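Please open the structure in a viewer and keep the selection tool at hand.

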Amino acid sequence: MKQLLQWSVIIPVLSWILFFSGLVDNSSIFQILASVLLILSVMSAVHHSEIIAERVGEPYGTIILAISITVIEVSIIISLMISEGSEAASLARDTVYAATMLILNGIIGLCLLIGSLRHYEPNFSTNSVTIGLVSLVSIIVFTLVFPTFTESVHGSYYSMPQLIFASIACIVIYSSFLFAQTKGYRQYFLTGTADSEKTEPVEISNKVFAVSLVFLLVSLGIVVLLAKTLSPAIESIIISYHLPKSLVGVIIAMIILLPEAIAAIIAARKNRLQTSLNLALGSALASIGLTIPSVAVVCIIMDMPIILGLDIKSIVLLALSVFTVMLSLSKGKSNIVYGVVLLVNLFAFMFLMIYP
């Protein structure tokens, strides 16, 4: 009973009650309250993910958090595509692109910067980073670049055989990455800390673990649902300032990625940059490798169009981001410059969206 009365349990429950009450749709006061509860639910998700990670060990803890968020993200994208039809043909592409740019430049950039400020040159495994980046580059090209240049269908579309091939390629690559992370090369992804940073492991009971697992999903679910509910209000504010509507998707992606971002930054502050990179690269891979095949299956079954290919400007920005991350993580040590450059790339992405 004491565990069920903790803030990390009460906050998500209150958020769900507010969501089902319907008050958020008609009152600016309740919209502000929903925004506060949304942020607190993010903190609750981070809290529960840390407990789960402590119990199952790395890298399983980061995998659970990454896949949990991705599954919820996929469900929201599919529901919006079904409800809006052809008007949402580019929704999956835009969401995946925004999430990838935020992860590569924002989350990794902040982790490298904060980790370097506190620990000068934090270390990480180049083997794990290479495995993640090789997998990520291939998935990005198959899903977001090739559709722009294929000739079977006019426009940024795949033909059905091409879409099936790309989906299978994503699943095969992501599955091999998970195998490497959990079985074949697990030692590459384990966190190494200095002796002064080591602490005694905390004993997590089965009951505490079960509660945290349930309320991780509860917290993540309400974060996504509140973000979706608040999106019309966000959109009206953006339009009132004459900003592009595409910023709504970026803001929602930022909210969805908050649990992973906070968990990664906390790990970087504790000189566990390896955990931060596990979270970031694993999330980017899951975001593309699970989202695109799932959406593709729905689009094939329901005969809905899906736009995947990016325009040239977006491809250049994405290539710059991937190339910068690859160079920044090539030596097994980080420094402040790498983090600053990645954050500048993120600001360029945002700036060119506002001023195309």
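Begin at Val141, where helix 5 bends by about 40°; the bend is the angle between axes fitted to the seven residues ending at a residue and the seven starting there. Helices here are DSSP runs of H or I with at least four residues, numbered from the N terminus. This is a predicted model, in which local features need pLDDT of at least 70 and side-chain atom pairs count only at pLDDT 80 or more, while totals for chains, interfaces and linings use all residues. Residues are numbered from 1 along each chain as its sequence is written, and side-chain values use heavy atoms, with hydrogens and water left out.

Next, select residues 126–149, the whole of helix 5. Its 24 residues reach 33 Å from the first C-alpha to the last, close to the 34 Å expected at 1.5 Å a residue (1.5 Å times one less than the number of residues). At the N-terminal end, Ser125 caps helix 5, with a side-chain oxygen 3.3 Å from the backbone nitrogen of Asn127.

The contact of helix 5 with helix 6 has eleven nonpolar, four polar and no charged residues.

Finally, select helix 9 (residues 273–289) and helix 10 (residues 291–302), which pack at about 10° with axes 4 Å apart.

Notes
Helix = DSSP H or I, 4+ residues; strand = E, 2+ residues; numbered from the N terminus. Polar contact = N/O pair within 3.5 Å; in protein donor to acceptor, adjacent residues only side chain to side chain. Axes fitted to C-alpha atoms, helices over the stretch in contact; angles between N-to-C directions. Nonpolar A, V, L, I, M, F, W, Y, C, P; charged D, E, K, R; others polar.
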